[in-house]
Amino acid sequence: MDKKKLPCNELERHYLYKRMMQEFEEKKWYVIRTKSGQEDNAADFFRRYGIEVYLPVLHYGWFRKKDKSVLLCNNLVFIHTTVRYILSIMHYPGLPHYMY
């Protein structure tokens with residue numbers, strides 16, 4: 001059985017490797033799914049490691065001197081980081097299974 005070789009020269013391989021590494025190190029926003037009610041704990045976990053975190057919260061009741069807040073996206077935490085970091089934390093216990 002003949003094995004076909006990919007038509008890829010050394011220059012093309014170098015370009016593909018370089019592009020892959022750039023995307024690997026580029027910071028992007030990721031959505032992480034958490035357990036119900038654990039959004040604050042997950043956000044604190046990421047902040048301890050220097051990761052930028054965004055939790056969309058609606059504050060209301062300030063005019064009645066009762067400051068209340070509600071999460072707009074339940075079970076979701078938004079983080080700004082690299083793929084390399086995402087891959088390194090996937091094995092921590094208690095962290096979510098779904099990442100988008």
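This is a predicted model: local features need pLDDT of at least 70, side-chain atom pairs count only at pLDDT 80 or more; totals for chains, interfaces and linings use all residues.
**Reading the strands, core and loop**

Biologist: What makes strand 1 and strand 5 a pair, and in which sense do they run?

Modeller: Strand 1 and strand 5 are joined over 6 bridges in the antiparallel sense, and since at least two are needed, they pair as well. Within this pairing, Tyr 30 has Ile 79 of strand 5 as its bridge partner.

Biologist: Which residues have the most contacts inside the largest nonpolar core?

Modeller: That core has 14 residues, and those with the most contacts inside it are Phe 46, Val 53, Val 77 and Ile 79. Two or more residues each come from strand 1 (28–33), helix 2 (39–48), strand 5 (76–81) and helix 3 (83–89), with helix 2 giving the largest share, 4 residues.

Biologist: What is Val 53 in contact with, leaving aside its neighbours within four places in sequence?

Modeller: Val 53 is in contact with Ala 43, Phe 46, Arg 47, Val 77, Phe 78 and Ile 79.

Biologist: Why is Lys 35 called exposed?

Modeller: Lys 35 has a relative accessible area of 60%, and because exposed means over 50%, the word applies to Lys 35. Lys 35 lies in the loop between strand 1 and helix 2, and its C-alpha is 5.9 Å from that of Asn 75, although Lys 35 and Asn 75 are 40 residues apart in sequence.

Key
Residues are numbered from 1 along each chain as its sequence is written. Side-chain values use heavy atoms; hydrogens and water are left out. A nonpolar core is a set of buried Ala, Val, Leu, Ile, Met, Phe, Trp, Tyr and Cys residues joined through side-chain atoms within 4.5 Å. Buried means under 20% relative accessible area, exposed over 50%, partly exposed in between (1.4 Å probe, protein chains only). Contact means heavy atoms within 4.5 Å.
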